Amino acid sequence: MAHPLLHIANDKNLMESLAEEYGTPLYVYSAQRISENIQRFNNALQLSFNKYHLCYAVKANNNPNLVSYMKSQLPLLGGDCSSPGELCVVKQAGMSGEECIYSGNYESAEDLQSALSSNAWINLDDITSFDRLKRIGLPKRLSFRINPGFGKGTFSQVVTGGKDAKFGVPKEKIVEAYRTAAAEGIARFGLHCMTGSGVLEKAYFENMFNALLAAAREIEAAIQCSLEFISVGGGFGIPYKNEEPSLNIEKVMENLSTIFYQQYPDRAQAPSFWCEPGKFLVGDAGILLTKVTGLKEGYRNFIGLDAGMETLMRPGLYGAYHRIYKVGDVDAEHSQVVDITGRICENTDRLAVDRPFPKVGEGDLVGIMDVGAYGYAMAHQFNTRPRPAEVLLHENHSELIRKRETIEDIFQNCNV
Ligand SMILES: Cc1ncc(COP(=O)(O)O)c(C=O)c1O
């Protein structure tokens, strides 16, 4: 399917005016698309579950202005945080602690103290995390992240469940984790699972949920409690290629609810269904607007851009594919095969490899699609390249939501 923001990449006047006003490289987000994604996900939940809670995984895109906008589109939206910094973001965005979940791993005492003070629901990655938390103070309510012994993700690096994953309490130890917490007087519990990112297969969520519900029932029987929520985490994928299917989220939720209410036939007494998507809400809503800086015909042919692996890590890190278009001419004939690269002194600095692409010249604008999640959030300053600016595109105007970094910004902490 054609990209939902193709019309924006094809709008030469708009893109040129953004490049002129804010410079390049520039992260451009569509407010309308973010809103559509949130409403769609929330409607899917509403149609299928009596009680549910939707938290946005802030790690996908931590811009506080963007998260505030998301909250304005769905006032009940909570946040999923994995660090004290992300707790600051949700607070700035107007989310209360009670609306949020904190899922850390190998948490330091400071991390746990921040989570405890925030009043977020603390979701622990291990029994040893509980021992550390106990030394600081115990919350009234708690959950553990289970590792069900399997996982799935677009790349091996984003599989977060299974025998090689660093996350979660192994399923064989999960009951012991809850027993330990119950023995310390905790009486309110939830259960959490997140086994990987970028999953486009409906059936996988059902398999994972079956394993999760089996564990839930075991825990409830062992410690005589009713879980307040069961969370399937995030991991809902988006297509990065035209030929990839998109995830039918309405159907995913419908199927999960069937399984859920078979286990918990009394709908009013059933736990609340929670999830914490990141990518699904913001991934396809971002375009990285970048300018051609150099062209080289060598052993391979290259298009060099003012954005590179420091601006967008996913291709260099995972070999991830992103659709790339010549701005204002998205249907231009692909007359060459090129590698698209940035200006970084690393040979892995490739945004695309062996990519059929139209002819472009120095100064032309190019749009890299699907960068709303894990785009800016993973950007860095290697080679002392300041990070780009971010703009939120509304119907009739653009809003600068993060200024471009300067070289002085990079060194501000060196003035000691
Ligand atoms: C605990 C947890 N929740 C939610 C997410 C969000 O995942 P995604 O952006 O794939 O939906 C992640 C991603 O790593 C995660 O680790």
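User: Quick one before we dig in: which residues count as nonpolar, charged or polar?
Analyst: Ala, Val, Leu, Ile, Met, Phe, Trp, Tyr, Cys and Pro count as nonpolar, while Asp, Glu, Lys and Arg are charged. The others, Gly among them, count as polar. And keep in mind that this is a predicted model.

User: Got it. So how do the residues of the shell around the ligand divide?
Analyst: That shell has 7 nonpolar, 7 polar and 4 charged residues.

User: And which residues are the closest to the ligand?
Analyst: Of the 18 residues surrounding the ligand, the closest are Ala57, Ser197, Gly234, Gly278 and Lys279.

User: OK, zooming out. How is the chain divided into domains?
Analyst: There are two of them: domain 1 covers 6-28 + 283-414, and domain 2 covers 31-281. Their centres, taken over C-alpha atoms, are 32 Å apart.

User: How many residues are in contact between domain 1 and domain 2?
Analyst: 21 residues of domain 1 contact 21 residues of domain 2. On the domain 1 side, two elements give two or more residues each: strand S17 (389-393) and strand S18 (398-402). S17 provides the largest share, with 3 residues. By type, that side of domain 1 has 11 nonpolar, 4 polar and 6 charged residues.

User: Now the inside. Which residues of the largest nonpolar core touch the most other members?
Analyst: Leu212 and Ile287 do, in a core of 111 residues. Helix H9 (residues 202-223) gives this core its largest share, 8 residues.

User: Where does this core lie, and why?
Analyst: It lies between domain 1 and domain 2, because both of them give residues to it.

User: What is Leu212 in contact with?
Analyst: Skipping its neighbours within four places in sequence, Leu212 contacts Ile146, Pro148, Leu191, Cys193, Ile230 and Val232.

User: Leu191 also turns up in a strand pairing, I think. Which residue stands opposite Leu191?
Analyst: That's Ile230 in S9. Strand S8 and strand S9 (residues 229-231) run parallel and are joined by 3 bridges. S8 also pairs in the parallel sense with strand S6 (residues 141-147), over 6 bridges. In that pairing, Leu142 stands opposite Phe189 in S8.

User: What about strand S16: how many of its residues are buried?
Analyst: 5 of the 5 residues in S16 (residues 365-369) are buried, so the rest of the structure largely encloses this strand. In a regular strand, side chains alternate between the two faces of the sheet. For S16 both faces are covered: Leu365, Gly367 and Met369 are buried on one side, and Val366 and Ile368 on the other.

User: Which strand does S16 pair with over 5 bridges?
Analyst: Strand S11 (residues 286-297), in the antiparallel sense. There, Leu289 sits opposite Gly367 in S16. S16 also pairs antiparallel with strand S13 (residues 324-326), over 3 bridges. Lys326 has Val366 in S16 as its bridge partner.

User: Last topic: why does Ile8 count as buried?
Analyst: Being buried takes 20 or more other C-beta atoms within 10 Å. Ile8 has 22 C-beta neighbours inside 10 Å, so it qualifies as buried. Ile8 is in helix H1 (residues 6-9).

User: And what is Ile8 in contact with?
Analyst: Leaving out neighbours within four places in sequence, Ile8 touches Leu14, Ser30 and Ile287.

Technical notes. Residues are numbered from 1 along each chain as its sequence is written. This is a predicted model: local features need pLDDT of at least 70, side-chain atom pairs count only at pLDDT 80 or more; totals for chains, interfaces and linings use all residues. Domain bounds come from an automatic or database domain assignment. Two residues are in contact if their C-beta atoms, placed from the backbone, lie within 7 Å. Helices (H or I, at least four residues) and strands (E, at least two) are DSSP runs, numbered from the N terminus. A nonpolar core is a set of buried Ala, Val, Leu, Ile, Met, Phe, Trp, Tyr and Cys residues joined through C-beta atoms within 7 Å. A residue is buried if 20 or more other C-beta atoms lie within 10 Å of its own, exposed if 12 or fewer, and partly exposed in between; C-beta atoms are placed from the backbone. A residue is near a molecule or strand if its C-beta atom, placed from the backbone, lies within 6 Å of it. Two strands pair if DSSP finds at least two bridges between them.
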